[in-house]
Amino acid sequence: MDPATPLGRAAFLERQDDRRVLVLGATGFIGGRLVEALAQRTKARIRVLVRDLSRLAEVARHQVEIMQGDVGDHAALARSMTDCDLVFNCTLGTGTIEALKMAGEGALDGKIIVDLSNPLDFSKGVPPSLF
């Protein structure tokens with residue numbers, strides 16, 4: 001199904017049921033909307049890694065597991081990915097994907113990584129909306 005259509009988005013979100021999902025950048029605009037969509041439309045177990053706990057007001061309205069840390073801290077990133085099936089990267093900057101790769105031996109094994117870090121980069125086409 002085409003994820004750019006409402007039916008495709010619904011099918012994508014339904015597939016997240018019963019998965020443990022990590023959202024990086026959850027206190028930002030895109031990450032916050034993703035957490036809200038996942039919380040409202042799925043049964044996914046949502047985990048967020050946040051650097052600044054004072055920015056959690058919107059995210060904390062939903063049932064999420066909160067871990068404090070920075071994506072640049074490879075140990076914190078590896079801990080946050082433990083038992084996760086899917087990792088959404090909604091952080092700004094170019095270093096997060098490299099940090100994910102360097103998070104530790106086996107940290108990425110079996111995980112699906114979805115990079116939403118630059119949704120306004122139209123050089124590869126317009127990314128489908130999840131919302």
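Me: In this predicted model, which side chain is joined to that of T91 by a polar contact of 2.6 Å?
Reply: T91 sits in the loop between β4 and α4 (96–102). Its side chain makes a polar contact of 2.6 Å, and the partner is the side chain of N89.

Me: Is T91 buried or exposed?
Reply: The loop between β4 and α4 holds T91. Buried means under 20% relative accessible area. T91 has a relative accessibility of 10%, so the residue counts as buried.

Me: Which class does C90 fall into, buried or exposed?
Reply: The cut-off for buried is under 20% relative accessible area. C90 has 11%, so this cysteine is buried.

Me: How many disulfides does the model have?
Reply: A disulfide is a covalent bond between the sulfur atoms of two cysteines. The rule asks for a pair of cysteine sulfur atoms within 2.5 Å. By that rule the count is zero.

Me: Which residues have the most contacts inside the largest nonpolar core?
Reply: The largest nonpolar core has 17 residues. Elements giving two or more residues to this core are β1 (20–24), α2 (29–41), β2 (45–50) and β4 (86–89). Those with the most contacts inside the core are V23, V48 and F88.

Me: Leaving aside neighbours within four places in sequence, which cysteine is in contact with V23?
Reply: The contacts of V23 include L34, V35, L38, V48 and F88. The list also holds a cysteine, C90.

Definitions and conventions. Residues are numbered from 1 along each chain as its sequence is written. This is a predicted model: local features need pLDDT of at least 70, side-chain atom pairs count only at pLDDT 80 or more; totals for chains, interfaces and linings use all residues. Side-chain values use heavy atoms; hydrogens and water are left out. A nonpolar core is a set of buried Ala, Val, Leu, Ile, Met, Phe, Trp, Tyr and Cys residues joined through side-chain atoms within 4.5 Å. Buried means under 20% relative accessible area, exposed over 50%, partly exposed in between (1.4 Å probe, protein chains only). Helices (H or I, at least four residues) and strands (E, at least two) are DSSP runs, numbered from the N terminus. Contact means heavy atoms within 4.5 Å. A polar contact is a pair of N or O atoms within 3.5 Å; within protein, one must be able to donate a hydrogen and the other to accept it, and residues adjacent in sequence count only if both atoms are side-chain atoms.
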